[in-house]
Amino acid sequence: MTPTKVYRCLVCVNDDDTLDQMERFQQTNATIVHFENPRSAAPKKFFRHKPKNHHHGGDKDDSDKWLKCEMKITRVGDVALRAAYVKCGKQSNAKDPEIALAHRLWGPHQKIPEKGAKYVMDIDVELITKEWRPHQLRGQLAALGCPIVGDEIYGGGVCETGGHRHTWNRVAVQCCQLDFVEPEWSTSDEGKKMLVPSKDSKECHFRLESAW
């Protein structure tokens, strides 16, 4: 059994095409691939194809510095949340039920995504790449045009909650599923203690059904 870790995210969506694209990724079980340079400063750049960079005046190809990042959209949230229209500015009215969610996420005096956001959508994302990749979840979603709510450096809007417009300074992401084989302690030939999958291969499954 391969360990599985899935994250639930609330993301900003700027247009209908991006909304449809996320649904297609989920329906086709597509693996979404990007490449990143782990040594670059944040916010990191994620590319759909591996860039080929050459040193000035030389022929050396340093494309091997780019790490492959893979993920899948395993669930797209309910219609009511996906259809929440996001407004901001003087036209916002907190008493209007159609924009109440938008008002909590982006108040009239708070910073919003550079291009604004038409929808908010909650999705589940499985990271296929098991090795550590800096900012993988945040960067890949931003590269698809749907940064996570609260993730300012990747273009997500700042959250605002409550009637007094208290800012919620957190990124709207949480682990919602974890599957793995129960480990047990073993001793290597060199006498070192280490964790290995249990002999009876007992599987452990954890799932968070609700969020937000």
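This report describes the fold of one predicted protein model, then some of its backbone features and salt bridges.

Because the model is predicted, local features are given at pLDDT of at least 70 and side-chain atom pairs count only at pLDDT 80 or more, while totals for chains, interfaces and linings use all residues. Residues are numbered from 1 along each chain as its sequence is written, and side-chain values use heavy atoms, with hydrogens and water left out.

## Overall make-up

The protein contains 4 helices and 11 strands, where helices (H or I, at least four residues) and strands (E, at least two) are DSSP runs numbered from the N terminus. Of its 212 residues, 40% are buried; here buried means under 20% relative accessible area, exposed over 50%, and partly exposed in between, with a 1.4 Å probe and protein chains only. The accessible surface comes to about 12,700 Å², and 50% of that surface belongs to carbon and sulfur atoms; the areas come from the Shrake-Rupley method with a 1.4 Å probe, and for residues only the protein chains shown count as cover. Among contacts (heavy atoms within 4.5 Å) with a separation of 6 or more, 67% are between residues 24 or more positions apart.

## The sheet and its helices

An open sheet is formed by 7 strands in the order 3-2-4-5-1-8-11, with antiparallel pairing; two strands pair if DSSP finds at least two bridges between them. Strand 3 (46-47) and strand 11 (203-207) stand at the edges with a single partner strand each, so one side of each has no neighbour in the sheet. Within the sheet, strand 1 (residues 4-13) pairs with strand 8 (residues 173-181) in the antiparallel sense over 6 bridges, and R8 stands opposite Q174 in strand 8.

Helix 1 (residues 16-28) packs on this sheet, where it touches strand 1, strand 2 (32-36), strand 4 and strand 5 (119-127), and its direction makes about 90° with that of strand 4. The axes are lines fitted to C-alpha atoms, for helices over the stretch in contact, and angles run from 0 to 180 degrees between N-to-C directions. Helix 4 (residues 136-143) lies across strand 1, strand 2, strand 3, strand 4, strand 5 and strand 8, and runs at about 75° to strand 4. The buried residues of helix 4 are Q136, L137, G139, Q140 and L141.

V76, which is found in strand 4 (residues 67-76), is buried with a relative accessible area of 15%. The C-alpha atoms of V76 and L19 are separated by 9.8 Å, although the two residues are 57 residues apart along the chain.

## Backbone features in the loops

Most residues other than glycine have a negative phi, and most peptide bonds are trans. N29, in the loop between helix 1 and strand 2, has a positive phi of about 55° although it is not a glycine, and this residue is partly exposed at 45% relative accessibility. H135 also is not a glycine and has a positive phi of about 60°; H135 lies in the loop between strand 5 and helix 4 and is partly exposed, with a relative accessible area of 25%. Just after helix 4, G145 takes a positive phi of about 90°. A cis peptide bond, with omega about 0°, joins A42 and P43, and P43 is placed in the loop between strand 2 and strand 3.

## Salt bridges

Side chains of opposite charge can pair when their charged atoms come close. The structure holds 6 salt bridges, a salt bridge being a side-chain nitrogen of Lys or Arg within 4 Å of a carboxyl oxygen of Asp or Glu. The table lists some of them.

| Residues | N to O distance |
|---|---|
| K68 and E70 | 3.9 Å |
| D124 and R207 | 3.1 Å |
| D151 and R138 | 2.7 Å |

In the pair of K68 and E70, K68 is partly exposed at 41% relative accessibility, and E70 is partly exposed at 22%.

The salt bridge between D124 and R207 links distant parts of the chain, with D124 in strand 5 and R207 in strand 11, 83 residues apart. D124 is buried with a relative accessible area of 0%, whereas R207 is partly exposed at 38% relative accessibility.

For the salt bridge between D151 and R138, D151 lies in the loop between helix 4 and strand 6 (159-161) and R138 in helix 4, so the pair ties together parts that are 13 residues apart in sequence. D151 is buried, with a relative accessible area of 2%, while R138 counts as partly exposed at 24% relative accessibility. Salt bridges that share partners also join R8, R75, D122, D124 and R207 into one network.
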